[in-house]
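Trainee: Could you show me, step by step, how to read the features of a protein model?

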Amino acid sequence: MAHDIQLNATFVKGATKPEHFPDTSLPEVAMIGRSNVGKSSLINTLTRHGKLARVSNTPGKTQEINFFVTDMNFMLVDLPGYGYARVSKTQREQFSHLIKAYVMRRPNLALTCVLVDARHDPQPLDMAMLEELEFNKRRFVVILTKCDKLKPQALVEREQQVRDLLSNCQHFVDVLPTSSETGLGRHNMLGLIKRIVQLSQTEES
Ligand SMILES: Nc1nc2c(ncn2[C@@H]2O[C@H](COP(=O)(O)OP(=O)(O)OP(=O)(O)O)[C@@H](O)[C@H]2O)c(=O)[nH]1
Ligand SMILES: [Mg+2]
């Protein structure tokens, strides 16, 4: 590893409706994906802070959109998961509405990290989200999670599968294998986030 990248972050607020999103001009990098895929764990891994975002074995742990301000001039944003079957239909619809309001319309959003469990094919809800991001011209990266659970060859194949699926998307940036258990991909992901945040600031000015 060339040099270590440090990222410090602190919790700003949790929002259950768009009116509660923080009033700031900082660019935002969001973690979205199915319930239990490892969004909150990845935020803790990136910041090397064991307890910043709440993690659980029980899907549906994150129930608000949580904003964390970092010392690299952007916000990290942890979203509730989509597709959790065991919450009520009403709650699922509320989450879905909140996630879409954030991901498709938040002006600050510079990069959406779509987390996909590396052990499985991207699920229909993942594909729907990826298509919607592309349609809405939102820049996104696919983060393969839990890669510590895969053999190296299976991981290579998964990465290639996702690349092939998204090869025609103009707003697709990259696929990165990660693990919150081993720290795999942390350095690459922070490097990519840094580049995109800088790019989004030059695009704006
Ligand atoms: N082996 C392994 N387990 C992981 C990894 N990342 C997360 N987990 C586990 O997966 C479970 C869910 O992790 P969370 O980070 O809470 O997932 P989430 O996507 O935030 O879940 P919701 O907030 O419920 O949508 C926890 O038991 C984590 O310990 C990883 O890289 N490897
Ligand atoms: Mg979570």
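Mentor: We will go from the overall chain to the sheet, then to single residues and the ligand.

Mentor: Please keep in mind that this is a predicted model, in which local features need pLDDT of at least 70 and side-chain atom pairs count only at pLDDT 80 or more, while totals for chains, interfaces and linings use all residues. Residues are numbered from 1 along each chain as its sequence is written, and chains are lettered from A and ligands numbered from 1 in the order in which they are written.

Trainee: How many helices and strands does the protein chain have?

Mentor: Helices (H or I, at least four residues) and strands (E, at least two) are DSSP runs, numbered from the N terminus. Here the protein chain has five helices and seven strands, and along the sequence they follow the pattern β-β-α-β-β-α-β-α-β-α-β-α.

Trainee: What does the radius of gyration say about the protein chain?

Mentor: The radius of gyration is taken over C-alpha atoms, and the globule rule is 2.2 Å times the number of residues to the power 0.38. For 205 residues, a compact globule would have a value near 17 Å, and the protein chain agrees with this, having 16 Å. Its C-alpha atoms fill a box of roughly 45 × 40 × 35 Å along the principal axes.

Trainee: In what order do the strands lie in the sheet?

Mentor: Strands of a sheet pair through backbone hydrogen bonds, either parallel or antiparallel. Two strands count as paired if DSSP finds at least two bridges between them. In this structure, seven strands form an open sheet in the order 1-3-4-2-5-6-7, with mixed pairing. Strand 1 (9-15) and strand 7 (172-177) are the edge strands, each pairing on one side only. Neighbouring strands are turned by 20° against each other on average, direction ignored, where axes are lines fitted to C-alpha atoms, for helices over the stretch in contact, and angles run from 0 to 180 degrees between N-to-C directions.

Trainee: Which strands are joined to strand 2 by bridges?

Mentor: Strand 2 runs parallel to strand 5 (residues 109-117), to which six bridges join it, and also parallel to strand 4 (residues 75-78), with four bridges.

Trainee: Is strand 2 mostly covered or mostly uncovered?

Mentor: A residue is buried if 20 or more other C-beta atoms lie within 10 Å of its own, exposed if 12 or fewer, and partly exposed in between, with C-beta atoms placed from the backbone. By this rule, six of the six residues of strand 2 are buried: E28, A30 and I32 lie on one side, and V29, M31 and G33 on the other. In the protein chain, buried residues make up 39% of the 205 residues.

Trainee: Which strands does helix 3 touch?

Mentor: Two residues are in contact if their C-beta atoms, placed from the backbone, lie within 7 Å. Helix 3 (residues 124-135) packs on the sheet and touches strand 2, strand 5 and strand 6 (140-145), its direction making about 160° with that of strand 5. Helix 4 (residues 152-165) lies across strand 5, strand 6 and strand 7, at about 170° to strand 7.

Trainee: Why does C147 count as buried?

Mentor: C147, in the loop between strand 6 and helix 4, counts as buried because it has 24 C-beta neighbours inside 10 Å. Leaving aside residues up to four places away in sequence, C147 touches A118, L155, P177, T178, S179 and L184.

Trainee: What is the phi of N36?

Mentor: N36 has a positive phi of about 80° although it is not a glycine, and this residue lies in the loop between strand 2 (28-33) and helix 1. N36 counts as buried, with 21 C-beta neighbours inside 10 Å.

Trainee: Which residues are closest to ligand 1?

Mentor: A residue is near a molecule if its C-beta atom, placed from the backbone, lies within 6 Å of it. Ligand 1 is surrounded by 24 residues, of which G38, S40, S41, T62 and G81 are the closest. Helix 1 (residues 39-47) gives the most to this shell, with three residues.
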